[in-house]
Amino acid sequence: MGAAAEPRFHVLAVDDSLVDRKLIERLLKISSYQVTTVDSGSKALEFLGSLVNDDRSSSDALPSVSPSDHQGVDVNLIITDYCMPGMTGYDLLKKVKESSSLRDIPVVIMSSENVPSRITRCLEEGAEEFILKPVRLSDVNKLRPHMMRTKKLKDQEQESQEEPERHGDEIGLPPPPCQHELETQQSQDPQTQQIQQSQQPKSGNNSNKRKAIDVEEGLSPDRTRTRYNGVATF
Amino acid sequence: MEVGQMQRRLVEFTKSLFVEGFLDGQFLQLQQLQDDSNPDFVVEVVSLFFQDSEKLLNDLTSALEQQDVDFKKVDAHVHQLKGSSSSIGAQRVKNACVVFRSFCEEQNLQECMRCLQLVKQEFYLAKNKFETLFTMEQQIVAAGGSIPATEITSF
């Protein structure tokens with residue numbers, strides 16, 4: 001599906017529910033991503049820890065990791081459930097964003113509950129996207145732009161470090177295609193529309209706060225009516 | 001029974017599951033994720049759901065039988081069941097869980113007990129419907145037919 005010439009992105013999916021892991025794994029695989037699934041935030045950090053050479057800045061105890069286990073593994077995006085026993089998705093997000101070596105990995109939060117304060121909190125902490133469960137194919141289509149962006153960052157870093165002749169090769173490459181925007185717009189249906197709103201930039205400089213407001217404004221009424229009665233002034 | 005008739009019966013039965021609210025649009029999403037590379041995806045996920053939930057229902061039952069009921073724990077179990085039932089599109093199970101959770105919040109033991117019975121009832125009803133659906137599909141395949149795609153526009 002639509003990923004023909006692109007490099008394979010690697011997604012780390014975190015969910016304590018077996019059924020949901022199976023579902024998200026399939027959703028990502030059918031979209032041509034490479035997928036690793038784990039059932040907790042600490043296992044996610046353990047897996048990511050193998051990508052980290054040395055990061056002892058965080059005072060909280062990270063699970064111990066053997067640094068050389070997964071040499072060459074790279075994660076392009078983390079998608080995590082919010083509500084998990086022990087370390088929540090929000091805790092995981094914070095850990096990732098606190099780590100100098102992990103913070104560039106985009107994090108997307110999934111939750112079955114449409115709690116505005118929760119959405120705002122996650123976006124303010126640096127989550128790229130807040131997806132309501134159950135996750136659909138149209139949601140997964142929105143992940144690609146985030147991975148593209150970090151890939152560009154990495155390419156730039158590499159370019160500046162690489163030798164001149166190799167550099168020439170890279171310049172010859174066209175920029176990554178942006179077909180994903182078309183895909184997401186085609187697949188709009190009422191139930192998933194609210195999340196897509198957050199993706200369409202309204203102005204050149206969208207802060208996380210602005211993004212959060214967009215998410216709330218765009219919420220589809222039939223899915224959220226009851227929950228929003230009490231928080232109309234939000 | 002000839003294949004054409006079996007296929008028509010399957011279509012009718014599937015429709016009835018949507019009309020009676022057993023299934024919602026999420027089930028169609030699951031069907032979309034099934035292809036030649038993964039021909040048994042729907043059956044696999046749904047079976048996983050029933051295994052997983054059976055365990056959850058046992059945990060729930062014993063949590064509600066405690067002297068001092070820990071409603072937070074009960075709610076956490078119901079939350080899980082609600083999540084996975086919504087992931088496979090088992091709408092009536094999910095709806096029963098939503099009601100259940102509101103009584104967990106109120107710490108209303110009597111209503112929680114009633115909700116447990118209701119959730120169990122919906123769970124076994126759903127299990128029965130899914131089994132019938134999958135059996136019908138198997139029979140069509142065994143007879144050399146293909147499974148007609150679910151075409152329901154209003155969900």
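Author: Happy to. Let us begin with a definition: angles under 35 degrees count as roughly parallel, over 145 as roughly antiparallel, 65 to 115 as roughly perpendicular and the rest as oblique. Please keep in mind that this is a predicted model, where local features need pLDDT of at least 70, side-chain atom pairs count only at pLDDT 80 or more, and totals for chains, interfaces and linings use all residues. Residues are numbered from 1 along each chain as its sequence is written, chains are lettered from A and ligands numbered from 1 in the order in which they are written, and side-chain values use heavy atoms, with hydrogens and water left out.

Reader: What makes α3(B) and α6(B) roughly antiparallel?

Author: The axes of helix α3 (residues 41-65) of chain B and α6(B) cross at roughly 160 degrees and come within 11 Å. Angles over 145 degrees count as roughly antiparallel, and therefore α3(B) and α6(B) are given that name. Their crossing is left-handed, that is, the near helix is turned anticlockwise from the far one by less than a right angle (clockwise would be right-handed).

Reader: How do the residues in the contact of α3(B) with α6(B) divide by class?

Author: There are 18 nonpolar, two polar and three charged residues in the contact of α3(B) with α6(B). Here Ala, Val, Leu, Ile, Met, Phe, Trp, Tyr, Cys and Pro count as nonpolar, Asp, Glu, Lys and Arg as charged, and the others, Gly among them, as polar.

Reader: Why is α1(B) called roughly antiparallel to α6(B)?

Author: The axes of helix α1 (residues 3-19) of chain B and helix α6 (residues 109-142) of chain B cross at roughly 160 degrees and come within 10 Å. That value makes α1(B) roughly antiparallel to α6(B). The crossing of α1(B) and α6(B) is left-handed too.

Reader: How do you know that α1(B) meets α6(B)?

Author: Contact means heavy atoms within 4.5 Å. Among the residues of α1(B) that meet α6(B) are B:Leu10 and B:Phe13, and those in α6(B) include B:Leu133 and B:Met136.

Reader: Why does A:Gly49 count as buried?

Author: Buried means under 20% relative accessible area, exposed over 50%, partly exposed in between (1.4 Å probe, protein chains only). A:Gly49 has 8% relative accessibility, so A:Gly49 counts as buried. This residue is found in helix α2 (residues 41-49) of chain A.

Reader: How much of chain A is buried?

Author: Of the 234 residues in chain A, 48% are buried.

Note on methods: Axes are lines fitted to C-alpha atoms, for helices over the stretch in contact, and angles run from 0 to 180 degrees between N-to-C directions. Helices (H or I, at least four residues) and strands (E, at least two) are DSSP runs, numbered from the N terminus.
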